[in-house]
Amino acid sequence: MSEQNSCKKILITTPIYYVNDVAHIGHAYTTIIADMLARYSRLVGYDTFFLTGTDEHGQKIAQSAEQRGKTPKEYADEVSGKFKALWDDFDISYDKFIRTTDEDHKTGVQKAFKKMLEKGDIYKGNYEGNYCVGCETFFTDAQLNDDGEGCPDCGRPTTVVKEESYFFKLSNYEDKLLELYKNNPDFILPRAKAKEIVNFVSNGLNDLSISRTSFDWGVKLPDNMDDEHVMYVWLDALMNYITALGYGTDEANMDFWPGKVHLVGKDILRFHAIFWPAFLMSLELPLPDHIAAHGWWTRDGEKMSKSKGNVVNPKEIADAYGLDGFRYFMLREVPFGQDGDFSQRALMDRINSDLGNDLGNLLNRIQGMSGKYFDFKVTSKDVVKYHQKELAEVEVILENTEEYIFNMQINRYLEDIWKVLTVANKAIGDYEPWAMMKNGREEEAMALVALITNIMARVSVLLECVMPEKISKIAQSIGITIDNDAYVSLIKNKEIIADTVITKIDALFPRIEAELLVSADVQKAETVVEKPRKESLKEKSTIEEDNIITIDQFFGTTLRIGTIVEAEEVPKSKKLLKLQVDVGEKENRQILAGIKEFYSAKELVGTQACVVANLKPAKLMGMLSEGMLLAAKDDNGLSLIRPEKAKTAGTKIS
Ligand code: MSP
């Protein structure tokens with residue numbers, strides 16, 4: 001976080017969810033990101049207000065209620081209750097759950113309307129144009145789809161609206177908005193998304209219709225000034241960000257304003273990046289720091305919808321795979337701002353690989369080593385003496401984490417934490433504590449176990465906001481408490497933990513062997529969407545392999561160009577050569593390759609090969625091998641796979 005933004009009070013918000021639909025993973029995604037940010041903010045010591053809730057007025061909700069034979073309020077109570085119950089079940093750490101049917105919200109919105117009216121920003125006129133009820137959005141003829149009928153956002157038919165309406169003078173704010181975007185390049189995140197907003201505003205803004213007369217499910221205008229009208233649902237909804245803090249009523253929490261970040265999906269960025277700052281300018285209130293727009297989750301490349309039967313139910317996924325695994329997957333899988341495709345296979349792979357192999361296994365190793373060698377007692381007194389290098393490495397890797405968080409580079413935040421886990425796992429392989437113990441170098445073995453425990457402590461502090469439940473178990477196992485003190489001591493001041501006792505706990509991320517078909521919806525999706533796709537692939541494709549993998553699975557393998565720096569024969573082995581290979585890291589890798597029958601050590605030195613660089617280290621004839629060379633073998637012998645032209649050592653192959 002940059003200095004100028006650092007304030008002690010932080011407001012983090014999700015959009016308020018329409019109550020015409022049950023929660024799906026799209027809603028869960030926004031909420032999980034916001035929850036992570038809120039937990040992180042609290043950890044680093046900010047006074048944090050995390051706001052979520054439901055958006056309950058408007059034509060769409062009125063129509064949905066009518067179709068079900070309910071009053072809009074009955075219907076809103078029911079669905080809003082379901083959202084709240086889901087977030088409670090997910091242990092979402094919100095400070096307030098606002099409903100736009102709350103009386104104090106309605107009062108606040110009316111106060112805001114009055115203020116804008118007094119300012120001269122509202123006038124009465126007649127609206128004639130198109131309206132998409134699904135998106136609750138007005139469109140001019142020119143904005144409609146090419147067929148001249150469909151909503152440009154969702155494709156559904158729009159209706160022609162011709163009614164008396166109050167208007168907000170949005171056109172007055174064109175220049176001020178453009179100035180805002182120019183002077184605050186991080187107002188819209190990711191920055192790449194700002195362009196489309198700037199273009200939209202530069203093309204000219206029409207005044208915005210902010211009241212409707214053809215239905216009555218909405219907030220009335222202030223002081224009964226015009227009872228025919230209810231407010232436009234987006235005016236009502238956006239105001240939640242301040243009415244939740246007491247705007248227009250008790251003002252109790254208005255010191256949390258301006259907000260730090262409004263998290264939104266890309267589909268509602270326009271409302272937040274154009275209408276909202278213009279309303280705030282009109283109300284003479286300061287503007288939030290960031291509007292951060294995430295991408296959309298699809299299933300098999302298609303938009304999720306009830307009619308397609310491919311909606312993923314977050315509760316069922318979390319029940320089957322574990323809430324924290326689901327949270328981690330959502331935050332790690334897709335860079336913020338980009339679209340992502342949900343699949344159980346990808347979720348399972350993340351859980352098994354990142355959480356089971358890297359994180360869970362490291363905890364197992366701490367438990368195993370400390371238990372076997374030191375009766376679970378770990379003292380950190382010699383960590384600095386023996387492991388200055390690794391501690392410094394960890395420090396450098398973690399340098400940018402704070403910045404990544406509020407710039408919404410959450411996947412980079414997690415990638416860096418995983419680099420730190422690699423340092424720890426590698427240190428165990430490099431230092432071989434089992435050999436130290438055999439050779440009577442107990443002090444060094446203890447220092448190594450303490451190093452790994454210290455790394456795990458740092459990682460735990462940073463991961464608690466991502467996986468609160470699992471990480472609290474890790475913390476308990478290594479004898480630390482995660483709170484602001486731990487953050488200051490371990491992350492800010494880079495201190496070493498006190499002596500500790502390790503407690504053995506059950507495996508945190510047991511391996512998942514097969515996809516867990518968890519929900520009627522998901523199952524339906526698999527029959528409705530996946531099967532026909534596979535069949536049609538079969539018709540067109542002549543691929544004979546029966547173990548087809550996805551592109552993501554392929555990219556799970558890191559392939560790099562390696563330069564063979566040294567090579568020697570392994571005595572007593574017919575097949576093995578011991579190679580030192582430069583793969584662009586600080587130190588060369590030792591790779592044992594079964595190619596002695598086909599290459600002499602001498603001829604290999606200085607040549608290049610393709611290296612599998614993220615293979616789990618293995619021992620061959622008692623020696624560590626940290627990678628594999630790609631080769632092809634047929635009846636004429638074996639040849640290494642090499643780049644056609646020399647490439648820099650470490651270059652990634654894709
Ligand atoms: N009520 C408005 C928001 C008002 S905020 C002042 C609204 N509600 S919504 O329920 O339709 O959508 C809420 C959020 O869910 C939006 O940010 C939207 O982008 C997100 N998602 C809905 N479906 C989604 C996916 N399939 N994937 C990711 N997020 C998506 O809009």
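**Note on the salt bridges**

1. Distant parts of the chain are linked here: Asp47 lies in strand β3 (residues 47-55) and Lys9 in strand β1 (residues 9-13), 38 residues apart. Helices (H or I, at least four residues) and strands (E, at least two) are DSSP runs, numbered from the N terminus. Asp47 is partly exposed at 36% relative accessibility, and Lys9 is partly exposed at 27%. Buried means under 20% relative accessible area, exposed over 50%, and partly exposed in between (1.4 Å probe, protein chains only).

2. Please keep in mind that this is a predicted model, where local features need pLDDT of at least 70, side-chain atom pairs count only at pLDDT 80 or more, and totals for chains, interfaces and linings use all residues. Residues are numbered from 1 along each chain as its sequence is written, and side-chain values use heavy atoms, with hydrogens and water left out.

3. In helix α10 (residues 314-321), Asp319 and Lys315 are 4 residues apart, about one helical turn. Their side chains meet in a salt bridge of 2.9 Å, N to O. Asp319 is exposed at 53%, while Lys315 is partly exposed at 30%.

4. Asp375 and Lys377 also pair, at 3.3 Å, N to O. Asp375 is exposed, with 53% relative accessible area; Lys377 is partly exposed at 47%.

5. Asp35, Arg39, Asp91 and Arg327 are joined in a salt-bridge network.

Key
A salt bridge is a side-chain nitrogen of Lys or Arg within 4 Å of a carboxyl oxygen of Asp or Glu.
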